[in-house]
Amino acid sequence: MSTPYPFTAIVGMDDLRLGLLLNAVSPAVGGVLVRGEKGTAKSTAVRALSALLPEVSVVAGCRFSCDPAAPDPACPDGPHEAGGGVARAARMVELPVGASEDRLVGALDIERALAEGVKAFEPGLLADAHRGILYVDEVNLLHDHLVDLLLDAAAMGASYVEREGVSVRHAARFLLVGTMNPEEGELRPQLLDRFGLTVEVAASREPDQRVEVVRRRLAYDDHPAVFAARWADDEAALRARIVAARALLPDVRLGDGALRQIAATCAAFEVDGMRADIVMARTATALAAWAGRADVLAEDVRQAALLALPHRRRRNPFDAPGLDEDKLDDTLEEFGDGEDDPDPDGPGGGGRPPQDGPDAPPQDDAGQGDAGQSDTAAQPQEAEGGEPQRAGGGEQQAAGAAEPFRTKMLSVPGLGEGAAGRRSRARTEHGRTTGARRPRGALTKLHLAATVQAAAPHQRARGRSGRGLVVRRDDLRQATREGREGNLVLFVVDASGSMAARQRMSAVKGAVLSLLLDAYQRRDKVGLITFRGKDAEVALPPTSSVEAAAARLETLPTGGRTPLAAGLLRAHDVLRVERLRDPSRRPLLIVVTDGRATGGVDPVALAARAARLHAAEGTAAIVVDCESGPVRLGLAGTLAGDLGGTAVTLDELRADSIAGLVRDVQGSRRAA
């Protein structure tokens, strides 16, 4: 067994260490979500924590880790008699991104249940993680329905598995830790809210601290056991402190003054529901126990807010999580009555609870400084008349986006088999049942009526004598279901000089931002290609981070000629690569332009040929016609015909427009 990196040897990362330790003291806090860029020791810290947790006593032979002092009366391996048991280390169980539902919650053998009446249950990862740590790396890439199951179990402390009327329940209480890189996409707000705490991590910009990180990591890689031995005393001290804090936790007093500050803070930041208040109360109590105090102080409430509220505050989907600390301090001061103020000279006072581990180089504020910077530098500078000033060379500075709106539903025709989402029709594991088929491999979703229908004609030949059916494996039928999939929505945006006329680009950006919001809600991947001047560029390769696309769009400059063919050809190259990477995810091409093509020899004919390449491959396409004014050339409609798609105006794109109903991209193709 490999030697884990010592928790106390981690340099810096105070918020990350504190969030993990508070959950180790009080799992009722609800877990921690660690957000940060790649290479910031997120996974290392979680794995190091597992070595600090005290041993657990379990019933010998129980696959569900029942506590011998209070065994679960509903344990599938039970009933167990109280007393006895064996001690083992607390487990850290990792949930891989590609895990199935049965791997997470466990699998019932439907064949044996029908034929023999036996509940044959194979435990999943939730059972393995009971009384330990469940670690989900890249939780934002996990399928939504798996995240729902995971968070439901964490909230209820139990897992329920039901298959066609056969059900199994077992205890599932664990410390939930999820890590994610926001560049790869965000979690839905409903799922974010289910994590108790969140911490942001970023690599230090302080050279001395970076040197120390590298020095320690190299020493560990060379001799893991020797390196761990150097930190053994610090690890033992921290482990003892966790045990002491757990013992003190039931005696910590949460006074009315602290409760009032918690309620006022949650109200001031307009968080939805009451979960934030409860999590803050539990976190503040754990902070007091961690500091060795029996009373919750104002500093505990403040630190609890910084950990529990950033991901819950009311915000637009493209806003980064964060908290206005000045507003927080004002709220705490307004609703503080002095009853719970810390004594700066007393134990545990003076703000943040003390941290363990060796002295590290001075901390910097790199992880927080960037978040507070104003983004006014990215905003366009306007002259008196409201027109954007030119930056030189025919290029205009970026125009701000108009107010986003709710768009109509745009979907890909046909029936896909892509990742679960909310856009186009697809065969999925979840959704309405549309038919039955013979199972390929293990049976996951039984179609009961079809199974009975297949078994019924053979009952006499099989010697049926009782009331039950005699069912064999050949009789089993898998339910086929239809739901919705997420697509790859590739935006090709005209940023040429013609689009900058009469503030048109502001409206165009507002429309694209609206479509990005729609893609965010429908769990799509998105990509962004822009064309202007002499060429086209991939502003954002296909990604799950819709936020990154919105950021690229905000700073998009305009000006120059209109190389429409270059934009379409670049889109063709991107889609060709993506079909190889993810063949099951169907693309939706959205071209935002007025249809003009300039530059080069016969640019209109070149654009038409490039468009017909997409039509030949069956790519679903829609053209958002940005042409305005009393005289319209209808060039966007011609382009849509070449693409084999549909053209809509900016006004028709709105969901509340009376210009038409919800549009599907038409599958018909104009004959060449």
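This is a predicted model: local features need pLDDT of at least 70, side-chain atom pairs count only at pLDDT 80 or more; totals for chains, interfaces and linings use all residues.
Residues are numbered from 1 along each chain as its sequence is written, and side-chain values use heavy atoms, without hydrogens or water. Local features need pLDDT of at least 70 and side-chain atom pairs count only at pLDDT 80 or more, while totals for chains, interfaces and linings use all residues.

**Helix α6**

Helices (H or I, at least four residues) and strands (E, at least two) are DSSP runs, numbered from the N terminus. Helix α6 covers residues 144–156.

Several α6 residues are buried, including Asp144, Leu146 and Leu150. Buried means under 20% relative accessible area, exposed over 50%, and partly exposed in between (1.4 Å probe, protein chains only). Just after α6, glycine 157 takes a positive phi of about 75°.

**Helix α8**

Valine 213 sits in helix α8, residues 207–222. Valine 213 counts as partly exposed because its relative accessibility is 41%. With Val214 and Leu218, Val213 makes a nonpolar surface patch of about 250 Å². Patches are made of residues with over 30% relative accessible area and no salt bridge; like charges are joined within 9 Å, nonpolar side chains (Val, Leu, Ile, Met, Phe, Trp, Tyr) within 5 Å. Accessible areas come from the Shrake-Rupley method with a 1.4 Å probe; for residues, only the protein chains shown count as cover.

Glutamate 212 and arginine 215 also lie in α8, 3 residues apart, about one turn of the helix. An α-helix has 3.6 residues a turn, so residues three or four places apart point the same way. Glutamate 212 is buried, at 18% relative accessible area.

**Salt bridges**

A salt bridge is a side-chain nitrogen of Lys or Arg within 4 Å of a carboxyl oxygen of Asp or Glu. The whole structure holds 31 of them.

| Pair | N to O distance |
|---|---|
| Glutamate 212 and arginine 215 | 2.7 Å |
| Arginine 293 and aspartate 300 | 2.9 Å |
| Aspartate 524 and arginine 423 | 2.7 Å |

Are arginine 293 and aspartate 300 buried or exposed? Both are buried.

Aspartate 524 forms its salt bridge with arginine 423. Aspartate 524 lies in the loop between α18 (504–521) and β18 (525–532), and arginine 423 in strand β14 (residues 420–428), so the pair ties together parts 101 residues apart in sequence. Aspartate 524 is buried at 4% relative accessibility, and arginine 423 is buried at 3%. A network of salt bridges links Arg423, Asp518, Arg522 and Asp524.

How values were computed. The expected span of a helix is 1.5 Å times one less than its number of residues.
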